[in-house]
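This report concerns aromatic rings and their surroundings in one protein model. Please keep the sequence and the structure in view while reading.

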Amino acid sequence: MSKRVPEDGTLLPLMEEFYTIQGEGYHTGKAAYFIRLGGCDVGCHWCDVKESWDAELHPLTKADDIIKNASQYPAKTVVITGGEPLIYNLDYLTKGLREAGIKTFIETSGAYSLSGHWDWICLSPKKFKAPLPDVIAAAGELKVIVFNKSDFEWAEKYASQIPVDRKLYLQPEWSKATEMTPLIIDYVKEHPKWEISLQTHKYLNIP
């Protein structure tokens with residue numbers, strides 16, 4: 001974590017914020033305001049936003065300003081992502097968003113303990129830094145990125161830990177989609193507790 005970021009979360013390293021359509025997981029197809037925070041030490045080699053890893057590259061921004069910006073858009077839903085957003089204390093930001101009538105969603109690897117007030121938690125665990133039990137228990141969906149065949153067995157490891165009524169998704173890693181998607185289709189047909197998630201925003205050519 002950047003030493004510049006105050007522990008109360010009133011300032012956060014903001015990489016970007018934009019209004020778009022959620023492209024993957026349970027809320028695919030819904031309008032949402034995305035808040036991408038800088039800073040991540042999970043280090044997925046296939047990450048498509050490596051520029052988010054170094055928090056020092058992104059300006060510390062008042063959480064109040066982020067809330068004000070998000071409030072200007074018709075869809076009263078915010079997705080907080082990264083990087084790894086749970087590096088930071090998100091209590092202040094999410095409390096303010098909720099007070100503004102905005103639903104709060106997060107996309108996280110679960111590698112850091114949960115903070116914030118959430119309407120939906122998407123847990124996307126990574127092999128490089130395991131998710132913590134408190135995040136696993138609170139997740140509304142488990143979304144596993146499939147990069148190679150061994151990821152199916154790894155996905156089942158976390159499916160056995162997440163509460164049984166939660167959503168389970170397998171999503172092909174974008175650069176391996178041609179190779180992995182047919183395998184995912186076959187796997188879901190054999191194991192129908194899983195569903196397929198696709199990065200539809202990339203097919204639509206939107207952020």
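## Basis of the model

The model is predicted; local features need pLDDT of at least 70, side-chain atom pairs count only at pLDDT 80 or more, and totals for chains, interfaces and linings use all residues. Residues are numbered from 1 along each chain as its sequence is written, and side-chain values use heavy atoms, with hydrogens and water left out.

## The pair Y19 and Y73

Rings of Phe, Tyr and Trp (its six-membered ring) pair if their centres lie within 6.5 Å; planes under 30 degrees apart count as stacked, over 60 as edge-to-face and the rest as tilted. The count by this rule is seven aromatic pairs. In one of them, the ring centres of Y19 and Y73 are 4.7 Å apart and the planes meet at 35°, so this pair is tilted.

W174 and Y203 form an edge-to-face pair, with 5.1 Å from centre to centre and 75° between the planes. W174 is partly exposed at 37% relative accessible area, whereas Y203 is exposed at 54%.

## A charge over a ring

A charge sits over a ring if NZ of Lys or CZ of Arg is within 6 Å of the ring centre and within 35 degrees of the ring normal. K176 lies over the face of F147, 4.0 Å from the ring centre.

Note on methods. Buried means under 20% relative accessible area, exposed over 50%, partly exposed in between (1.4 Å probe, protein chains only).
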